[in-house]
Amino acid sequence: MSNPILEVDRASRTFGGLKAVQEVSFSVEEGEIFGVAGPNGSGKSTLFNLITGIPFPPTSGSIVFGGTRIDGKSPHAIARSGLARTFQKDAEFPDLSARETMLIGASYAGGMSGRQAGHAADDALELVSFPEDRRDVESGHLSVYEKKQLMIGSALVSNPRILMLDEPASGLTRPEIAALDKLLLDVNRTGVTILLIEHVLSLLLSVSERLLVLNQGQILASGDPQEVIRDPKVIEAYLGGRK
Amino acid sequence: MTRTRIAAILVAFALLALVPLVVTDSYVRHLFIIAFIYAVVASNWDLSLGYTGLFNFGHLTFFGVGVYTAAILAETVELSPWAAILCGGITAALAALLISAPVARLKGIYVVLVTFAFSQLAMQVVLSQSDITGGAEGIVRIPYLQVGDYRFIRDYNLAYYYTAFAMLCVSTVFLLAVVASPFGKSLRALRDNPDYAASRGISVARQRIMSLVLSAVFTGIAGGFYAIYLRVASPEVFGFGTLSLALSMVLIGGVGTIIGPVLAALFLTFLTEAMAGIRGLEDARFIVVALAMILVLRLAPGGSIEMLSRLRLGAGFRSRRETTDTAGNRS
Ligand SMILES: Nc1ncnc2c1ncn2[C@@H]1O[C@H](COP(=O)(O)OP(=O)(O)O)[C@@H](O)[C@H]1O
Ligand SMILES: [Mg+2]
């Protein structure tokens, strides 16, 4: 049943002497939810950065998306080709309202225009349950949770083939995490492949079909999530990381 | 923009349209004409500086290119002055395209250096090619505007007043339409968070190039009009004086507002002129403007529009915010 949508082959990134990501290879099947875990500083976010080219491509290695090599392509072109991501840090366009932010995503990443973009924007706001009465408020004035909803919604508004989420549950309450869990499954059911970096293990294990664990920029383990988290190396890395 | 804001702008422009009925003195009308030209320059600068967040210090070069294009075409090539003015917009846009190639991928301070070097280069070209540009002397006795047999220098500058005013109106409508469009929103998005913007499909380089080129069109036309109206082209337009005056208009008026720099251009043109009449202030007036700029930036970094909104008149405009680095832990 191998039908990879994303193939990462020996991707590496160094910062001076620091090997943030080292020879990482894996592939993601079309339609699956693929989890990525690892202690802080293990290179998870950097891996996302390399794949999306934001703000830099890998120093070496290749990334193939939907049969086409994308490493070295410009970040906006990668986004337009159907690869949408969120960021670990809160991000917003402070001058733009939630609806305007969605329109940006629909028109630039999604290539839609006019009314079509408007409909897509409204649908995406609906999908992430963004409060109706907050849609015209400038993003600079939104709450942390609203900004998170908006970042996920503006990734989805362009109908991407892959959605990449970097620790979306951090700082959320239990009911908010439950809502996120449901959203991810709903989105995945429409055929969107999901790559999920997450520290909240309950969420990660509840949705992921496969799991990859990074440690110090290298793959420590990968495969069935339940097996991976019982792997002694993984337990060791996590406990070691907590010192 | 709020309804009250739009209404206020329309009233202000309607009043400006009525000014010549009350003001018949050709010198005061001249001041208005100069203010309109500066208003076009400053508000277009706001597009690249305020909306795109590009520290473009070569904006006055676009103006200078317009000045010399119109002067050379009207005086040397004997093209109609009207066509010469419009050609100033075209060559300025081409100059912007040229400078935008290196600027599109640079950051902060490097943009300042490259654009400033570009303006110095333009001035050196003008000074060295004296066969064409008149060198340090410049070009004089450029043909004036006329329609049929009507010469614009008649009637105490009346026709020049309305031509300059029309230019300001068209430029302002153009700028407001640009910033309200999805393109204009993408500029603010990439200014405030380039990584997030790129992840939503916005090409940072392309939008920067587009914003520079668009900001040059009316700036070049204003330059062309300036040359034809004053009937001279001199290398002073590339100098530091014009640059700092226009910059103070953008900053005092309020970056990222379009209308703020227009207001500030009107205000500062008359203020500097009034100070020129006070003995002892003739040369110090630009220092006064610079001090005013620093004071405004300390007290109300958003400029005049922010001050107005503190008086609850200016809701609907905001100042720009800091750029954030989203993808990396460090930048
Ligand atoms: N832009 C950068 N410049 C220098 N070092 C970086 C940069 N981005 C990440 N790093 C370093 O790379 C390592 C991996 O970071 P990161 O990918 O953010 O880890 P994670 O997301 O797994 O917590 C860390 O040591 C981090 O300090
Ligand atoms: Mg991270």
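This is a predicted model: local features need pLDDT of at least 70, side-chain atom pairs count only at pLDDT 80 or more; totals for chains, interfaces and linings use all residues.
A:Asn159 sits in the loop between helix H5 (144–156) and strand E7 (162–166) of chain A. Its phi is near 55°, a positive value in a residue other than glycine. Most residues other than glycine have a negative phi, and most peptide bonds are trans.

## Other backbone features to note

A:Gln216 also has a positive phi, of about 50°, although this residue is not a glycine. Its loop lies between strand E9 (210–215) and strand E10 (218–223) of chain A. With 61% relative accessibility, A:Gln216 counts as exposed.

The bond from A:Ile54 to A:Pro55 is cis, with omega near -5°.

## The site of ligand 1

Now to the ligand. Which residues come nearest to ligand 1? Of the 14 residues around ligand 1, they are A:Gly41, A:Gly43, A:Lys44, A:Ser45 and A:Thr46. The surrounding residues come from chains A and B, so the site is shared between chains. By residue class, the shell holds five nonpolar, seven polar and two charged residues. Strand E2 (18–29) and helix H1 (44–52) of chain A each supply at least two residues of this shell. H1(A) gives the largest share, with three residues.

An oxygen atom of the ligand is 2.8 Å from a polar backbone atom of A:Gly41, and an oxygen atom is 3.2 Å from a polar backbone atom of A:Ser42. On its own, ligand 1 has 560 Å² of accessible area, and the protein covers 84% of that.

## The magnesium ion

What coordinates the magnesium ion, ligand 2? The donors are OG of A:Ser45 and OE1 of A:Gln88, at 2.1 Å. A:Ser45 lies in helix H1 of chain A, whereas A:Gln88 lies in the loop between strand E6 (83–85) and helix H3 (98–109) of chain A, so the pair ties together parts that are 43 residues apart in sequence.

Are these two residues buried or exposed? A:Ser45 has a relative accessible area of 17%, so this residue is buried. A:Gln88, at 34%, is partly exposed.

## An open antiparallel sheet

Four strands of chain A form an open sheet in the order E2-E1-E4-E5, and the pairing is antiparallel. E2 and strand E5 (68–69) stand at the edges with a single partner strand each, so one side of each is left without a neighbour in the sheet. E2(A) also supplies at least two residues of the shell around ligand 1.

The antiparallel pair of strand E1 (residues 4–15) and E2(A) is joined by eight bridges. Within chain A, A:Phe15 stands opposite A:Leu18 in E2(A).

Strand E3 (residues 33–37) of chain A is mostly covered, with five of its five residues buried. In a regular strand the side chains alternate between the two faces of the sheet. Both faces of E3(A) are covered: A:Ile33, A:Gly35 and A:Ala37 are buried on one side, and A:Phe34 and A:Val36 on the other.

E3(A) runs parallel to strand E8 (residues 193–197) of chain A, and four bridges join them. Here A:Phe34 stands opposite A:Leu195 in E8(A). E3(A) also pairs with E9(A) in the parallel sense, over four bridges, and A:Gly35 stands opposite A:Leu211 in E9(A).

## A proline in chain B

B:Pro143 is placed in the loop between strand E1 (139–140) and strand E2 (146–147) of chain B. Its relative accessible area is 29%, so B:Pro143 is partly exposed. The C-alpha atoms of B:Pro143 and B:Ala227 are separated by 9.6 Å, although the two residues are 84 residues apart along the chain.

Methods. Residues are numbered from 1 along each chain as its sequence is written. Chains are lettered from A and ligands numbered from 1 in the order in which they are written. Side-chain values use heavy atoms; hydrogens and water are left out. A residue is near a molecule or strand if one of its heavy atoms lies within 4 Å of it. A polar contact is a pair of N or O atoms within 3.5 Å; within protein, one must be able to donate a hydrogen and the other to accept it, and residues adjacent in sequence count only if both atoms are side-chain atoms. Accessible areas come from the Shrake-Rupley method with a 1.4 Å probe; for residues, only the protein chains shown count as cover. Ala, Val, Leu, Ile, Met, Phe, Trp, Tyr, Cys and Pro count as nonpolar, Asp, Glu, Lys and Arg as charged, and the others, Gly among them, as polar. Two strands pair if DSSP finds at least two bridges between them. Donors are N, O and S atoms within 2.8 Å of the metal (3.2 Å for Na, K and Ca); water is not among the atoms, so sites may look incomplete. Buried means under 20% relative accessible area, exposed over 50%, partly exposed in between (1.4 Å probe, protein chains only).
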